[in-house]
Amino acid sequence: MYQQTTRSILVSVEPTYLDDQSSPDEAHFVWKYHVRIENHGELTVQLRNRYWRITDSLGRVQEVRGAGVVGEQPVLHPGEAYEYTSGTPLKTPSGIMVGTYEMESETGEMFDIGIPAFSLDSPFQPKRLN
């Protein structure tokens, strides 16, 4: 599990390779990732937007921006958590994702929180010894 805390908001991510949805012979590799966002702060916050930077093992970058996550803009009161699962395909057997969530506090302040960089690994990624 990968974790990062920004301004008392903890983001945890757990990626999983989906063998049943992947087709390695066709350069199609799929992962799901489960995200948990915990508000350990004193203010209520709302997740407004997301930004993802997805890099495959050949260094190709895809950027994804949009409102909320999985069609929602969750509100997290102090002590509350929100969880969701999403996914991403790649044309290579491994990659890295990292990003930010744009949050709005109950006072109207907009700020970004970090999503930890996490590795997308499949059994088809060649092992390298240094």
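1. Salt bridges. A search of the whole structure finds 6 salt bridges, a salt bridge being a side-chain nitrogen of Lys or Arg within 4 Å of a carboxyl oxygen of Asp or Glu. The structure is a predicted model, in which local features need pLDDT of at least 70 and side-chain atom pairs count only at pLDDT 80 or more, while totals for chains, interfaces and linings use all residues. Residues are numbered from 1 along each chain as its sequence is written, and side-chain values use heavy atoms, with hydrogens and water left out.

2. Arg7 and Glu109. Arg7 lies in the loop between S1 and S2 and Glu109 in the loop between strand S8 (94–105) and strand S9 (110–121), so the pair ties together parts that are 102 residues apart in sequence. Strands here are DSSP runs of E with at least two residues, and helices are runs of H or I with at least four residues, numbered from the N terminus. Arg7 is partly exposed at 46% relative accessibility, and Glu109 is partly exposed with a relative accessible area of 34%. The classes are buried under 20% relative accessible area, exposed over 50%, and partly exposed in between, with a 1.4 Å probe and protein chains only.

3. Arg36 and Glu83. In the salt bridge between Arg36 and Glu83, the closest N and O atoms are 2.5 Å apart. Arg36 belongs to strand S3 (residues 29–39) and Glu83 to strand S7 (residues 81–90), so this pair ties together parts that are 47 residues apart in sequence. Arg36 has 30% relative accessibility and counts as partly exposed; Glu83, with a relative accessible area of 40%, is also partly exposed. A network of salt bridges links Arg36, Glu38 and Glu83.

4. Glu104 and Arg48. The side chains of Glu104 and Arg48 form a salt bridge of 2.8 Å, N to O. Glu104 is in strand S8 and Arg48 in strand S4 (residues 45–56), so to speak of the pair is to speak of distant parts of the chain, 56 residues apart. Both residues are partly exposed, Glu104 at 22% relative accessibility and Arg48 with a relative accessible area of 24%.

5. Strand S1 (residues 2–6) and strand S2 (residues 9–17) run antiparallel and are joined by 5 bridges; two strands pair if DSSP finds at least two bridges between them. Thr6 stands opposite Ile9 in S2. The two strands form a hairpin with 2 residues between them, and Arg7 in the turn has a positive phi of about 50°. Ser8 is likewise found in the loop between S1 and S2, and its phi is near 65°, a positive value in a residue other than glycine. Ser8 is partly exposed, with a relative accessible area of 36%.

6. Gln4 and its surroundings. Gln4 has its place in strand S1 and is partly exposed, with a relative accessible area of 31%. Leaving aside residues up to four places away in sequence, Gln4 touches Ile9, Leu10, Val11, Gly114, Ile115 and Pro116, where contact means heavy atoms within 4.5 Å. The C-alpha atoms of Gln4 and Ile37 are separated by 9.9 Å, and these residues are 33 residues apart along the chain.

7. Ala27. Ala27 is found in the loop between S2 and S3. Although Ala27 is not a glycine, it has a positive phi of about 55°. At 35% relative accessibility, Ala27 counts as partly exposed.

8. The largest pocket. About 150 Å³ of space lies in the largest pocket. A pocket is an open set of points on a 1 Å grid over the protein atoms alone, where a 1.4 Å probe fits, with protein on both sides within 12 Å along at least five of seven lines; lining residues have an atom within 4 Å of a point. Grid points are joined across faces, edges and corners, and a volume is the space filled by probe spheres set on the points.

9. The pocket lining. His28, Ile54, Thr55, Asp56, Arg60, Val61, Gln62, Pro89, Leu90 and Lys91 line the largest pocket. The elements that give two or more residues to this lining are S4, strand S5 (61–67) and S7. The largest share, 3 residues, comes from S4. The lining residues divide into 4 nonpolar, 3 polar and 3 charged; Ala, Val, Leu, Ile, Met, Phe, Trp, Tyr, Cys and Pro count as nonpolar, Asp, Glu, Lys and Arg as charged, and the others, Gly among them, as polar.
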